[in-house]
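Hi,

Here is the structure I promised to pass on. Have a look at it before you read on, and then compare it with my notes.

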Amino acid sequence: MFTAAGVRVMKTPVRSPRANAIAERFVGTLRRECLDHLLIYSKRHLRKVLAEYEHHFNHHRPHQGRSLRPPLHDPSEVIDIATRIHRRRTVTGLISEYRRAA
């Protein structure tokens, strides 16, 4: 039934019982922080919102397990504290990201 609808089924990797828990936690975070606050009106809109949230999640959002750094953080990047802070709205204006000006 799923393959007829064009859905790709991914099985849980062998000997990794936490994989399902990690996926469920991400889906729960996605729902609470993003999808519960938006009205999705088409498949195209859903794909755009998911792509924007994925970029925010991997490039900006702090994670406790990484000492409040994003997953794709470059530790060699030097941040000048004296520069101005700029706000960028993402995920159709739902989330604001703050960065130091370059």
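Below is what I found, from the overall shape down to single residues.

First off, keep in mind that this is a predicted model. The protein has 2 helices and 2 strands, and along the sequence they follow the pattern α-α-β-β. Its radius of gyration is 17 Å, well over the 13 Å that the globule rule gives for 102 residues, so the protein is more spread out than a compact globule. If you draw a box around the C-alpha atoms along the principal axes, it comes to roughly 55 × 40 × 20 Å.

Now for the surface. Of the 102 residues, 17% count as buried. The protein exposes about 8,800 Å², with carbon and sulfur atoms supplying 56% of that area. As for charge, there are 20 positive and 9 negative side chains, and the centres of the two sets lie 5 Å apart.

Inside, the largest nonpolar core has 7 residues: L30, C34, V49, Y53, F57, V91 and I95. Helix α2 (residues 43-59) gives the largest share of this core, 3 residues.

Is H45 buried or exposed? H45 counts as buried, because its relative accessibility is 11%, under the 20% cut-off. Again leaving out residues up to four places away in sequence, H45 touches L39, I40 and T92.

Cheers

Definitions and conventions:
Residues numbered from 1 in each chain as written. Predicted model: local features only at pLDDT ≥ 70, side-chain atom pairs only at ≥ 80, totals over all residues. Heavy atoms only, no water. Core = buried A, V, L, I, M, F, W, Y, C linked by side-chain atoms within 4.5 Å. Buried < 20%, exposed > 50% of the residue type's maximum accessible area, 1.4 Å probe, protein only. Helix = DSSP H or I, 4+ residues; strand = E, 2+ residues; numbered from the N terminus. Contact = heavy atoms within 4.5 Å. Rg over C-alpha atoms; globule rule 2.2 N^0.38 Å. Areas by Shrake-Rupley, 256 points an atom, 1.4 Å probe, with all protein chains shown as cover. Lys, Arg positive; Asp, Glu negative; His and termini not counted. Charge placed at Lys NZ, Arg CZ, Asp CG, Glu CD.
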